Each structure stands twice: as structure tokens, then as C-alpha cells.
Amino acid sequence: TAVGFGMDPDLQIDIITELDLVNTTLGVTQVSGLHNASKAFLFQDTEREIHAAPHVTEKLIELFQNRSEFTFLATLQQKALTSGVILSIRELEHSYFELESSGLRDEIRYHYRFNGKTRTEVFPYRLADGQWHRIAVSLSASHLLLHVDCNRIYERVIDPPETNLTPETNLWLGQRNRKHGFFKGVIQDVKIIFIPNGYITQCPNLNRTCPTCSDFLSLVQGIMDLQELLAKMTAKLNYAETRLSQLEDCHCEKTCQVNGLIYRDKDSWVEDDHCRNCTCKSGVVECRRMSCPPLECPPDALPVHVDSQCCKVCKAKCIYGGKVLAEGQRVLTKSCRECRNGVLVKVTETCPPLNCSEKDHVLPENQCCSVCRGHNFCAEGHRCGENSECKNWNTKATCECKNGYLSVQGDSAYCEDIDECAAKMHYCHANTVCVNLPGSYRCDCVAGYVRVDDFSCTGRVDKCG
């Protein structure tokens with residue numbers, strides 16, 4: 001795989017080169033790096049979208065296919081006491097590979113997927129200190145190595161991460177997505193390479209068999225750092241136990257008022273449309289669409305929505321010219337026909353006249369009458385739930401979940417709130433408690449602390465003065 005002292009270019013992705021950051025101006029500025037052998041960029045503004053083009057994603061998917069050994073490398077200088085995502089390879093809300101540095105908790109976090117579920121490995125380490133660092137994360141099946149500045153910081157056995165990326169996957173640099181995880185600092189030499197022990201390309205001196213005095217001194221320093229971290233964690237735990245013992249004597253209950261009715265905390269009820277279960281949680285009403293049982297239709301049927309029913313039901317499908325139609329869908333042959341109970345029935349409706357030239361006529365999906373280009377399909381009564389929005393496309397309308405919400409069982413017409421607190425998708429700093437809200441969250445100060453901004457609190461309140 002190696003060519004001389006270099007790397008086979010077919011087995012690596014130079015992310016900064018592939019993303020063409022030189023021609024990106026919003027939120028990214030080229031600056032001097034740790035060295036001049038490659039370009040370095042300052043990530044300073046939250047108004048940015050640094051992600052890969054489709055051809056880069058295709059190359060990434062191809063390299064990850066059937067490979068269980070790869071290494072992520074980067075040289076960076078993170079602004080002190082900040083938190084942000086260095087690199088994220090994700091599909092919608094699911095991370096296949098994501099490396100995050102928290103300067104508020106002095107942690108490096110690795111997010112990945114195993115058996116369809118999100119997993120997180122946390123490594124206590126201060127990376128956000130305003131100094132230059134080289135970081136390497138190497139994975140070989142279920143074996144993980146973390147190197148910082150050519151020192152082996154952690155070695156763990158984890159569940160083998162999923163590497164079978166889908167075409168919807170995208171790669172983000174310096175952020176988790178369009179709204180979260182913005183990295184603040186300078187990034188240089190970002191690569192993903194697909195060879196065993198790829199960290200050696202960043203630190204060639206590690207490729208030896210005998211430890212040196214420098215290795216021993218690094219180990220001693222690591223032990224001292226761990227002892228210091230243990231002392232800090234012990235002090236924090238003792239303080240937390242003291243605060244909890246004081247809270248045991250307190251009991252406050254927030255109620256919810258809905259349509260003139262008052263519900264106590266943790267009370268549950270069913271909405272009038274019988275499609276959502278609602279619960280009062282600390283004065284906030286949280287509603288979730290009723291979960292539908294898995295629907296397994298026979299080969300001659302498809303699942304469709306039926307009026308007055310929450311869950312889809314199986315209805316006979318129709319086939320015309322190799323095209324499969326669900327109940328209610330139409331096809332234009334010599335005449336207009338609609339699928340009803342598995343049979344194509346002729347429809348005698350007359351198409352209305354169009355006020356546009358013939359070249360601007362567009363035939364909507366599963367319909368027989370053309371419309372003018374730019375037609376507002378949403379205005380025709382396309383139904384989307386309260387947490388989703390109707391979006392017009394060229395030949396149809398679709399529902400998309402609002403920010404802070406996720407589709408229910410893959411149906412974006414019905415979306416439920418994402419619990420950012422439970423999913424650790426928040427940026428509440430020290431001395432705060434994350435509280436989930438519909439479509440968002442807030443950071444409440446721990447008792448005895450004063451708010452600095454929306455995400456942080458500091459200092460003790462002088463209760464005597």
C-alpha cells in the first residue's frame with residue numbers, strides 16, 4: 001500500500017484539498033499553520049456549511065466498503081474552552097464517524113454506529129487549550145487507538161463500527177451539520193487513510209519495537225495528568241452529592257393547562273384525534289404520535305394512509321406497464337385511470353384549462369392532469385403534521401420535519417421532538433442543566449450559580465448579601 005515514504009493516493013482522502021477550502025470564504029480563512037508544507041484554515045464563524053461534494057462522498061463510500069481498518073488524522077489548534085466537532089461522517093441524524101472535542105469538560109468524544117444504534121466513546125483529555133496538537137484515531141475492527149502528539153493516549157476494544165455507508169451520507173468538516181457543533185480554531189492536514197496502523201504516517205518514529213526514555217517520560221506525565229483529573233472529578237462528585245442531599249427536602253411540581261383542563265406532572269392523555277399520546281413533563285406538554293405496529297403487506301398490496309385512521313393499512317396494488325401503483329394513484333394512458341381495490345378504473349374528470357405555454361406544462365406524479373411549472377401543490381391540501389412543513393417540488397409536494405424534530409417510523413408527515421439532552425446534542429456548559437423543549441432545549445443554571453449567557457453560568461450567589 002505504501003509508495004516509498006508516501007501513501008498510495010487511492011487509499012486516502014485529503015479532506016481539505018477535496019473540499020476546496022481555498023475557494024470557500026464564508027466562515028473560513030486561510031492562515032499560517034503549524035508548518036508551511038500544507039494549507040491551514042481558521043474556522044471562526046458559525047454561519048458556514050463546510051461539507052463534501054457528491055463525488056467526494058462517492059469516493060468515501062467506496063473506500064469504506066468492506067474495509068475494517070482506517071485512520072483519521074488532523075493537526076489543529078482549538079480555541080481554549082470551546083467545544084466543537086472536528087469531522088463528522090453522517091446520514092441525517094446518525095453518525096457513522098464523528099470526532100468531537102469538548103473544552104468545557106476536557107473530553108474527546110468518538111460517535112459511531114453499531115447494529116443501527118448510536119454509540120459514544122469518551123476520552124478525558126484537554127485538546128481545546130489554544131495549543132497545536134496532532135491527533136490520530138485508528139480503528140481496526142473492534143480495536144481503537146487514540147494518539148495525541150504521537151503519544152498513545154488510549155487503547156480500547158469497542159463494538160465494531162458500521163462502515164457500510166449509504167448514498168445519503170455526507171462529510172462535514174468543523175461542524176456536525178448546518179446548525180450544530182461548530183469548531184473554533186485552526187485545522188490543517190485532515191486525512192482519512194485506509195491502511196493498518198495509519199497513525200505511523202503522522203508519526204513515523206512510532207514504528208519501532210523498543211520504548212525510549214521519551215516514551216517512559218510521556219507515560220509518567222500521562223499518569224500525573226490522570227491523577228490530577230481524578231482529584232478534580234472526586235471534588236466535583238463530592239460537591240454534587242452535597243447538593244443532591246440538599247435537594248431531597250424540596251418538592252416542586254409544575255402543571256400543564258390544555259383546553260381549560262389542568263394536568264399534573266407526569267399525567268398522560270390521548271388527544272381528540274386519537275393519534276397522539278401527550279404527557280405533562282415539568283410544566284411542558286410533550287406529545288408523540290402513537291406508534292404503529294409493523295405492517296407486513298402481502299405481495300399484491302401496499303401500505304397507504306386512509307382517512308380517519310392513524311396507521312397505514314394494506315390496500316391492493318395495481319400494475320401497469322411495469323409501474324406499480326398504490327391505492328388512489330393515477331396513470332395517464334389513452335385515458336386517465338385510477339387504482340381502486342387492485343383494479344385500474346377509468347376516470348372521466350375533465351382537466352381544467354392552463355394559463356401557461358405548453359413548454360411550461362408539468363405532469364405531477366401519479367396524476368393525469370398537467371399543471372403549470374411552479375404550481376403550488378401544498379395549497380391543494382397536502383397534509384403535514386404540526387411538527388412538519390410542506391415543501392413544493394417540481395412535480396409533487398412532500399413533508400419535511402422542522403428543525404429539532406425527527407420523522408416517526410420514516411414518515412416525515414408526522415415528526416416527533418428530538419430530546420437533545422438525552423442524545424447529548426446540546427451545548428450547555430458547566431454549572432448548567434439541560435432541559436428538553438419541543439423542537440429545542442434550554443440550559444438552566446444549577447442552584448447557586450448566575451447566568452452568563454444562554455449556555456453558561458458562573459460564580460456563586462451570595463445568599464447573605
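The structure is a predicted model, in which local features need pLDDT of at least 70 and side-chain atom pairs count only at pLDDT 80 or more, whereas totals for chains, interfaces and linings use all residues. Residues are numbered from 1 along each chain as its sequence is written, and side-chain values use heavy atoms, with hydrogens and water left out.

The domain assignment, whose bounds come from an automatic or database source, divides the protein chain into domain 1 (12-207), domain 2 (256-289), domain 3 (299-373), domain 4 (376-417) and domain 5 (419-464). Taken over C-alpha atoms, the centres of domain 2 and domain 5 are separated by 25 Å. The unreviewed UniProt entry lists residues 417-458 as "domain: EGF-like"; such positions are given in the numbering used here, with feature names shortened, and the annotations may be inferred rather than shown by experiment. The end C-alpha atoms of residues 417-458 lie 30 Å apart, and the span is 0% helix and 50% strand, where helices (H or I, at least four residues) and strands (E, at least two) are DSSP runs numbered from the N terminus.

At least two lining residues come from each of α3 (213-247), β20 (284-289), β34 (432-437) and β35 (440-445), and α3 gives the most, with 9 residues.

Strand β20, which contributes to that lining, also belongs to an open sheet of 3 strands in the order β18-β19-β20, with antiparallel pairing, two strands being paired if DSSP finds at least two bridges between them. In this sheet β18 (268-270) and β20 stand at the edges with a single partner strand each, so one side of each is left without a neighbour in the sheet. Neighbouring strands are turned by 25 degrees against each other on average, direction ignored, with axes fitted as lines to C-alpha atoms and angles running from 0 to 180 degrees between N-to-C directions. Strand β19 (residues 276-281) is joined to β20 by 6 bridges, and Arg276 has Arg289 as its bridge partner in β20.

A further open sheet consists of 5 strands in the order β10-β9-β8-β7-β14, again with antiparallel pairing. Its edge strands are β10 (117-124) and β14 (170-173), each of which pairs on one side only, and neighbouring strands are turned by 10 degrees against each other on average, direction ignored. Within this sheet, β8 (residues 94-102) is joined to β9 (residues 107-114) by 6 bridges, Glu100 standing opposite Arg109 in β9. Between β9 and β10 there are 8 bridges, with Glu107 opposite Pro124 in β10; these two strands form a hairpin with 2 residues between them, and Asn115 in the turn has a positive phi of about 55 degrees.

Antiparallel pairing also links β6 (residues 69-78) to β11 (residues 132-140) through 9 bridges, Phe72 having Val137 as its bridge partner in β11. Strand β11 pairs in the antiparallel sense with β12 (residues 143-148) over 6 bridges, and Leu139 stands opposite Leu144 in β12. The hairpin formed by β11 and β12 has 2 residues between the strands, and Ala141 in its turn has a positive phi of about 60 degrees.
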